[in-house]
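User: Good morning. I would like to go through a protein structure with you, one topic at a time. Could we begin with the terms you will need?

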Amino acid sequence: GQGERGVAIINTDDPLLWRESRDRVEGRCIQTSIHEKTTGVYVLKKRIVGKRDGKIVDLSPTDLKIVGTHNLSNAVCAAALGFYFGADKTVIEPALTHFRGVSHALEYVDTIRGIQFYNDSAATNPEATCAALASFTDPIILIVGGYDKHIDWKGVLTAIAPRVNGV
């Protein structure tokens, strides 16, 4: 295990993760959420905030350059890590608001004639593809392809239907 001096950052928005890990953490457990208040770092009125000494501390806005709730969850976890080690808004906010994402992971490429292009070639499984599709509210045109790994993609079809204008 990590030992009593360790720290675990746990996303409480994932009920399975939270249920299976909350009693197993030997050290400090920092809860994160984008949907509800926690004892750690969470989203409140479009701001990422943390609790320190019983007070709510503003860390960053949620209007980041990366899209998707899964990326917002990752940003909240990153803020929690920095906050735990003593970073404040002057460090956390620019780090989150200037971060453009990871190559090939829902990476913004360009806007051409009003059309935004994203590269998500790292999404090579149904769960990653569904998370990416859920990141957009406007209808999209989906360009897909690749090697057949014999994975069941039926769930992706359900995610595609309401969001995709063309494949």
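Analyst: A residue counts as buried when its relative accessible area is under 20%, as exposed when the value is over 50%, and as partly exposed in between. Please note that this is a predicted model. Tyr 84 gives an example: its relative accessible area is 28%, so it is partly exposed.

User: Where does Tyr 84 lie?

Analyst: Tyr 84 belongs to helix α2, which covers residues 69–84. In sequence, Tyr 84 is 75 residues away from Ile 9, and their C-alpha atoms are 9.6 Å apart in space.

User: Let us step back. How many helices and strands does the protein have?

Analyst: There are five helices and nine strands. Read from the N terminus, the order of the elements is β-α-β-β-β-β-α-α-β-β-α-β-α-β.

User: And what box do the C-alpha atoms fill?

Analyst: Along the principal axes, the box for the C-alpha atoms is roughly 50 × 35 × 25 Å. The protein has 167 residues, and 33% of them are buried.

User: On to charges. How many salt bridges does a search of the whole structure find?

Analyst: The search finds six salt bridges. One of them joins the side chains of Lys 89 and Asp 58, with an N to O distance of 2.9 Å. This pair links distant parts of the chain, since Lys 89 sits in helix α3 (residues 89–98) and Asp 58 in strand β5 (residues 55–61), 31 residues apart.

User: Why does Lys 89 count as partly exposed?

Analyst: Lys 89 counts as partly exposed because its relative accessibility is 33%, a value between the limits of 20% and 50%. Asp 58 is also partly exposed, because its relative accessibility is 27%.

User: Which other residue forms a salt bridge with Lys 89?

Analyst: Glu 93 does, and the closest N and O atoms of that pair are 3.7 Å apart. Both Glu 93 and Lys 89 are in helix α3, where four residues, about one turn of the helix, separate them. With a relative accessibility of 23%, Glu 93 is partly exposed.

User: Which residues are linked in the network of salt bridges?

Analyst: The network links Arg 47, Asp 58, Lys 89 and Glu 93.

User: What about Arg 19 and Glu 20?

Analyst: The side chains of Arg 19 and Glu 20 form a salt bridge, at 3.8 Å from N to O. Arg 19 is partly exposed at 47% relative accessibility, and Glu 20 is partly exposed at 37%.

User: A new topic, then: the largest pocket. How much space lies in it?

Analyst: The largest pocket holds about 1100 Å³ of space. It is lined by 32 residues, and the closest to its centre are Asp 120, Ile 141, Leu 142, Ile 143 and Val 144. The elements that contribute two or more residues to this lining are β7, α4 (126–133), β8 (140–141) and α5 (154–160).

User: Which element gives the most?

Analyst: Strand β7 gives the most to the lining of the largest pocket, with five residues.

User: How do the residues of the lining divide into nonpolar, polar and charged?

Analyst: The lining of the largest pocket has 20 nonpolar, eight polar and four charged residues.

User: How can one tell where empty space is left?

Analyst: A probe the size of a water molecule is rolled over the atoms, and this shows where empty space remains.

User: Now the surface. Which residues make the nonpolar surface patch?

Analyst: Val 109, Ile 112, Ile 115 and Phe 117 make a nonpolar surface patch of about 350 Å². Two elements give two or more residues to this patch, namely β6 (107–112) and β7 (115–119).

User: Is Ile 115 buried, exposed or partly exposed?

Analyst: Ile 115, which lies in strand β7, has a relative accessible area of 48%, so it is partly exposed.

Definitions and conventions. Residues numbered from 1 in each chain as written. Predicted model: local features only at pLDDT ≥ 70, side-chain atom pairs only at ≥ 80, totals over all residues. Heavy atoms only, no water. Patch = residues over 30% accessible without salt bridge, like charges linked within 9 Å, V, L, I, M, F, W, Y side chains within 5 Å. Areas by Shrake-Rupley, 256 points an atom, 1.4 Å probe, with all protein chains shown as cover. Salt bridge = Lys/Arg side-chain N within 4 Å of Asp/Glu carboxyl O. Buried < 20%, exposed > 50% of the residue type's maximum accessible area, 1.4 Å probe, protein only. 1 Å grid on protein atoms, 1.4 Å probe; cavity = no way out; pocket = protein on both sides within 12 Å on 5 of 7 lines; lining within 4 Å. Points joined across faces, edges and corners; volume = space filled by probe spheres on them. Nonpolar A, V, L, I, M, F, W, Y, C, P; charged D, E, K, R; others polar.
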